Amino acid sequence: MSEAEYEAEKEKWNLEPPHVKGKGQLLKLNATRAEELGVARFTTDNRDPSGVYAYYGLEASRVKEVMPGWLDRFAEFLRLPVVTVLLVVIGSPA
């Protein structure tokens, strides 16, 4: 590669990683920035999942949305601070 070719092509060669955040700061990304950095492969304009279905070639009628079951709701109930304290009080020896 000649010097002239190098000068013409060096803009395409970004050898430094992009500056994402300062040291000690939390990483905050929106969808556009995540796509620019390569964290996200695909973004949609809204929260409707039909754009994602179309991107991956899926039919919306064949995709099943998963909802939490009774066991998930029970575990969530047990994680409430009031319930946790009550269970500790009940379980402690008198």
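Trp70 counts as exposed, because its relative accessibility is 63%, and here buried means under 20% relative accessible area, exposed over 50%, and partly exposed in between, with a 1.4 Å probe and protein chains only. This is a predicted model, in which local features need pLDDT of at least 70 and side-chain atom pairs count only at pLDDT 80 or more, while totals for chains, interfaces and linings use all residues. Residues are numbered from 1 along each chain as its sequence is written, and side-chain values use heavy atoms, with hydrogens and water left out.

Trp70 is found in helix α4, where helices are DSSP runs of H or I with at least four residues, numbered from the N terminus. Together with Leu71, Phe74, Phe77, Leu78, Leu80, Leu86, Leu87 and Ile90, Trp70 forms a nonpolar patch on the surface, with about 960 Å² of accessible area together. Such a patch is made of residues with over 30% relative accessible area and no salt bridge, nonpolar side chains (Val, Leu, Ile, Met, Phe, Trp, Tyr) being joined within 5 Å, and the areas come from the Shrake-Rupley method with a 1.4 Å probe, only the protein chains shown counting as cover for residues. The elements that give two or more residues to this patch are α4 (70-78) and α5 (81-91), and α4 gives the most, with 5 residues.

Now to the charged side chains: how many salt bridges does a search of the whole structure find? The search finds 1, a salt bridge being a side-chain nitrogen of Lys or Arg within 4 Å of a carboxyl oxygen of Asp or Glu. Arg33 forms this bridge with Glu36, and their closest N and O atoms are 3.3 Å apart. Both residues lie in helix α2, 3 residues apart, which is about one turn of the helix. Arg33 is partly exposed at 26%, whereas Glu36, at 55%, counts as exposed.

Last come the rings, which pair if their centres lie within 6.5 Å (Phe, Tyr and the six-membered ring of Trp), planes under 30 degrees apart counting as stacked, over 60 as edge-to-face and the rest as tilted. By this rule there are 2 aromatic pairs. Phe42 and Tyr55 are stacked, because their ring centres are 3.9 Å apart and their planes are at 10°. Phe42 lies in the loop between α2 (31-37) and α3 (50-55) and Tyr55 in helix α3, so the pair ties together parts that are 13 residues apart in sequence. Tyr55 and Tyr56 form an edge-to-face pair, because their centres are 4.9 Å apart and their planes at 90°.

How values were computed:
Patches are made of residues with over 30% relative accessible area and no salt bridge: like charges are joined within 9 Å, nonpolar side chains (Val, Leu, Ile, Met, Phe, Trp, Tyr) within 5 Å.
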